Amino acid sequence: MASICEICGKGKLAGNNVSHSNRHTKRAWNPNIQQVRAVVEGSVKRLNVCTRCLRSGKVNRAIRI
């Protein structure tokens with residue numbers, strides 16, 4: 001699953017782990033991406049959405065019947 005939000009475009013951020021001895025190694029911060037069923041233009045689709053967009057109500061979740 002791609003680690004990018006299909007609503008806001010939030011993706012990976014890169015930076016460094018910095019140890020106590022000040023050694024730097026690369027690391028990544030991944031967004032919390034969830035695969036949800038959402039209503040898009042009247043039809044139900046699966047979207048990869050960050051939890052910030054889910055919590056703020058930017059996504060209209062589809063109800064399973």
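User: What makes up the largest nonpolar core?

Analyst: Nine residues: Cys5, Ile33, Val36, Ala38, Leu47, Val49, Cys50, Cys53 and Val59. A nonpolar core is a set of buried Ala, Val, Leu, Ile, Met, Phe, Trp, Tyr and Cys residues joined through side-chain atoms within 4.5 Å. Strands β3 and β4 each supply at least two residues of this core. This is a predicted model: local features need pLDDT of at least 70, side-chain atom pairs count only at pLDDT 80 or more, and totals for chains, interfaces and linings use all residues. Residues are numbered from 1 along each chain as its sequence is written, and side-chain values use heavy atoms, with hydrogens and water left out.

User: Why is Val36 called buried?

Analyst: Buried means under 20% relative accessible area, exposed over 50%, partly exposed in between (1.4 Å probe, protein chains only). Val36 has 5% relative accessibility, so Val36 counts as buried. Of the 65 residues of the protein chain, 20% count as buried.

User: Which residues is Val36 in contact with, leaving aside its neighbours within four places in sequence?

Analyst: Contact means heavy atoms within 4.5 Å. For Val36 the partners are Lys45, Arg46, Leu47, Val49, Leu54, Val59 and Arg61. Leu54 is 18 residues from Val36 along the chain, and their C-alpha atoms are separated by 9.2 Å.

User: What is Cys53 in contact with on the same terms?

Analyst: Cys53 is in contact with Cys5, Ile7, Cys8, Lys58 and Val59, again leaving aside neighbours within four places in sequence.

User: How do you know that β3 and β4 are joined?

Analyst: Two strands pair if DSSP finds at least two bridges between them. Eight bridges join β3 (residues 33-40) to β4 (residues 43-50), and the strands run antiparallel. Val39 stands opposite Val44 in β4. The hairpin of β3 and β4 has two residues between the strands, and Glu41 takes a positive phi near 55 degrees there.

User: Which elements does the protein chain hold, and in what order?

Analyst: Helices (H or I, at least four residues) and strands (E, at least two) are DSSP runs, numbered from the N terminus. The protein chain has one helix and four strands. Their order from the N terminus is β-β-β-β-α.

User: How does the radius of gyration compare with that of a compact globule?

Analyst: The radius is taken over C-alpha atoms, and the globule rule is 2.2 Å times the number of residues to the power 0.38. For 65 residues a compact globule would come near 11 Å, but the protein chain has 16 Å. Along its principal axes the C-alpha trace spans about 55 × 20 × 20 Å.
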